[in-house]
Amino acid sequence: MIRQLVRLSSLVDRLTGGLGGMLRWLTLAMVLVAAANAVLRYAGRFVGANLTSNASIETQWYLFSVLFLLGASVAVRQDAHVRVDVLYGQLSTRGRAVVDLFGGLLLLIPFCWFAFWVCSPSVRASVAVWEVSPDPGGLPRWPIKCLMLACFGLLMAQGASEVVKRLALLRGVPVPHWTPPGPAEEAP
């Protein structure tokens, strides 16, 4: 059973890894949009015209939202998320696996499920009316709200993948293409 879960975990990891590659390009797009907005706003002062629009400013915020929301699962996959490292850094690889296992089962996955459940009514209401920005020339709001559900669903899947990898480690089942977190002394 654990070997099948490890294969499923690898699929989730590949999906999240591909998403991470896409987010790199999205980061560049966000920076370029933000820079263009700043330059055009500044240049507009000299020519006495508004050279930016609400849509371009909202595009910048939407790109940031996409990066933040979808980047969470990538951070969990890469073990780059924020962690209170008081005792964790002193633990063995096995000890870290136990902490990560319980953190995933008791904190991450329940939080994602709760957030998905809490966001769902708002997303459904937004899609039902095809919600748009109240600002003139603004963008539709319903797609970014739908992204919240995708974010928490993907974060939950990645959290489950991490739980499976820790279970496999504790049971001695190899996980291809994964290096378990361990003390600095164990690093090559």
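**Reading helix packing and local features**

Author: Helices H3 and H4 cross in a left-handed sense, where left-handed means that the near helix is turned anticlockwise from the far one by less than a right angle, and right-handed would be clockwise. The model is predicted, with local features needing pLDDT of at least 70 and side-chain atom pairs counted only at pLDDT 80 or more, while totals for chains, interfaces and linings use all residues. Residues are numbered from 1 along each chain as its sequence is written, and side-chain values use heavy atoms, with hydrogens and water left out.

Reader: At what angle do the axes of H3 and H4 cross?

Author: An axis is a line fitted to C-alpha atoms, for helices over the stretch in contact, and angles run from 0 to 180 degrees between N-to-C directions. Helices are DSSP runs of H or I with at least four residues, numbered from the N terminus. For H3 and H4 the crossing is roughly 160°, and the axes come within 8 Å. H3 is therefore roughly antiparallel to H4; the classes are roughly parallel under 35 degrees, roughly antiparallel over 145, roughly perpendicular from 65 to 115, and oblique for the rest. The contact of H3 with H4 divides into 26 nonpolar, 7 polar and 4 charged residues. Here Ala, Val, Leu, Ile, Met, Phe, Trp, Tyr, Cys and Pro are nonpolar, Asp, Glu, Lys and Arg are charged, and the others, Gly among them, are polar.

Reader: How do the axes of H1 and H2 cross?

Author: H2 covers residues 54–77, and its axis comes within 8 Å of that of H1 at a crossing of roughly 155°. H1 is therefore roughly antiparallel to H2. This crossing of H1 and H2 is left-handed. By class, their contact holds 14 nonpolar, 10 polar and 2 charged residues.

Reader: At what angle do H1 and H4 pack?

Author: H1 (residues 2–47) and H4 (residues 142–171) pack at about 135°, with axes 9 Å apart. H1 and H4 are therefore oblique to each other. H1 passes H4 in a left-handed crossing. On the H1 side the contact (heavy atoms within 4.5 Å) includes Ile2, Leu5, Val12 and Leu19, and on the H4 side Leu154, Ala157, Val164 and Arg171 are among the residues they meet. By class, this contact of H1 with H4 has 11 nonpolar, 4 polar and 4 charged residues.

Reader: Is Arg166 buried or exposed?

Author: Relative accessible area decides: buried is under 20%, exposed over 50%, and partly exposed in between, with a 1.4 Å probe and protein chains only. Arg166 has 4% relative accessibility, so it counts as buried. Arg166 lies in H4 and, with residues up to four places away in sequence not counted, touches Asp79, Ala97, Asp100, Leu101, Trp178 and Pro181.

Reader: How many disulfides does the count come to?

Author: A disulfide requires a pair of cysteine sulfur atoms within 2.5 Å. The count is 0. For Cys112, the nearest cysteine sulfur is that of Cys151, 7.3 Å away. Cys112 is buried, at 0% relative accessibility. For Cys119 the closest cysteine sulfur is also in Cys151, at 8.4 Å, which is too far for a bond. Cys119 counts as buried too, at 14% relative accessibility.

Reader: How far apart are Phe116 and Met148 in sequence and in space?

Author: Phe116 and Met148 are 32 residues apart in sequence, while their C-alpha atoms are 7.7 Å apart in space. Phe116 is in H3 and is partly exposed, with a relative accessible area of 32%. Its contacts, leaving aside neighbours within four places in sequence, are with Leu149, Phe152 and Gly153.

Reader: What distance separates the C-alpha atoms of Gly18 and Val31?

Author: They are 21 Å apart, with a separation of 13 residues along the chain. Gly18 is in H1 and counts as partly exposed at 47% relative accessibility.

Conventions: Helices (H or I, at least four residues) and strands (E, at least two) are DSSP runs, numbered from the N terminus.
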